[in-house]
Amino acid sequence: MTLKLSVVGCGYLGATHAACMSSLGFEVVGVDTDPRKVELLSRGELPFYEPGLDTLLEQEMKTGRLSFTTDFSAVADADVHFICVGTPQSKDGLAADLTYVKASVAAIAPYLKKGSLVVGKSTVPVGTAQALRAELSLSAPDADLAWNPEFLREGFAVEDTLTPNRLVVGVVNDRAEDILKEVYQPIIDLGTPWIRADLPTAELVKVAANSFLATKISFINAMAEVCEAAGGDVTVLAKAIGYDPRIGNRFLQAGIGFGGGCLPKDIRAFMARAEELGAKQALEFLREIDAINLRARQRVIDVVRDELSENLTSYTIAVLGAAFKPDSDDVRDSPALDIAAQLQAAGAKIIVHDPKAIENARLRFPALGFAESVHEAVKGADLILHLTEWREYREIDPSSLEALVKGKIIIDGRNALDRDKWRTAGWKFHALGRSN
Ligand code: UDX
């Protein structure tokens, strides 16, 4: 008999996982405490933007296999329960807030049938899975718990779930591994590497991967700082070192750095946990990774001041991009919005454009100015900041903006625009890490 699945937490990770598991042929019930989210998902509508997930959700809702509810008792039928709730940074420090993970496991515990498996997918501090498993052995002694970290990237969520570059499962016994193999069989059949680990290693894989990615980005941004000081060009440097397959050319895009709901909070939570474990020194370098990342934002502001004036009160700045990265409407810890807000706090008039993230940006920073089109955003601007590398910004014809702006100055915070094109059109063009 085909396994029945439940997915607890229907945010970014959970909604994607639920729709993708349904597309593999499983009956899936998604549970979330937010009635608005459940109502939208039940209508086949996404509460956020993710390319490809909207059509998949619509398609899966029509099969009748996929449903969403706020009622936790709906999980009673399921054999496997995926925990996909958020673990944000806690309000009073660097550590991850585990409230939602703990509450989810507690909420489903009374409904767990004999032999069912709870599978954590949320990013948690190492040691959490073991502690939850011990608690579960008291509240639901017939159930087991495994950890199966998720590596999906926003903008590629469906692709990363259905064709991941590896599957990692943290289990305590063969039975849990067998159940997870049954769930993921179609993905394993594609040749996807399968890694069985113990619970702490599975938890660590996730934060180690994100720490490595953050390190790669901050490394290239540190090189950008040196290039600026030495008269070099970080884009050429990145290309040149990237040809060494041991280094690789991906994630070496210098600019205003990383943001989003994962990398920043994950490296901070990892440091906090290492300290608790008495291994603080091992992760001290992540403090520097965080600092380099935040410094990149400041460097853009410094260039703006160099170009305009120390006192920004009489200037208008157009900001292209609000999302933390393209193909997403997510503005959590967005470097673009942080820069926009800081410039506004310094007195500048800011007009922000983004193809998808305006609504979320407005909720977060209601006092910023917003525009529906690039042309509207740049009207009367003394300077343009390119801060999220949406494709539509790369395709801008610089001469089409000429009559609209007050100053023909653009700063490329993502090293994604064609510098020659802008300069040929008579613009003053700056980019982080490129000194000429
Ligand atoms: C990340 C991990 O990639 C993913 O595996 C994990 O599951 C969740 O966290 P995501 O947050 O979607 O995914 O974004 P990612 O594509 O990793 O980008 C993170 C940030 O780094 C973005 O702000 C992006 O603009 C920035 N970045 C990325 C750079 O500044 N330079 C680069 O070369 C790459």
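What follows is a short chat about a predicted model, its ligand and some of its charged side chains.

Colleague: What should I know before I start?

Modeller: This is a predicted model, where local features need pLDDT of at least 70, side-chain atom pairs count only at pLDDT 80 or more, and totals for chains, interfaces and linings use all residues. Residues are numbered from 1 along each chain as its sequence is written, and side-chain values use heavy atoms, with hydrogens and water left out.

Colleague: Ligand first. How many residues surround the ligand, and which are the closest?

Modeller: The ligand is surrounded by 20 residues. The closest are Phe 151, Leu 152, Glu 154, Phe 324 and Lys 325.

Colleague: Where do backbone atoms come in?

Modeller: A polar backbone atom of Phe 151 is 2.8 Å from a ligand oxygen. For Phe 324, a backbone N or O atom also lies 2.8 Å from an oxygen of the ligand. The protein covers 92% of the 670 Å² of accessible area that the ligand has on its own (Shrake-Rupley method, 1.4 Å probe).

Colleague: New topic. How many salt bridges are there?

Modeller: The structure holds 33. Each is a side-chain nitrogen of Lys or Arg within 4 Å of a carboxyl oxygen of Asp or Glu.

Colleague: What does Lys 62 pair with?

Modeller: Glu 58, with the closest N and O atoms 3.9 Å apart. Both lie in helix H3 (residues 53-63), four residues apart, about one turn of the helix.

Colleague: And Lys 406?

Modeller: Lys 406 meets Asp 382 in a salt bridge, 3.8 Å from N to O. That pair links distant parts of the chain, 24 residues apart.

Colleague: Is Asp 382 buried or exposed?

Modeller: Buried, at 9% relative accessible area. Lys 406 is exposed, at 60%. Buried means under 20%, exposed over 50%, partly exposed in between (1.4 Å probe, protein chains only).

Colleague: Where does Asp 97 sit?

Modeller: In the loop between strand S4 (80-83) and helix H4 (99-108).

Note on methods
Helix = DSSP H or I, 4+ residues; strand = E, 2+ residues; numbered from the N terminus. Near = heavy atom within 4 Å. Polar contact = N/O pair within 3.5 Å; in protein donor to acceptor, adjacent residues only side chain to side chain.
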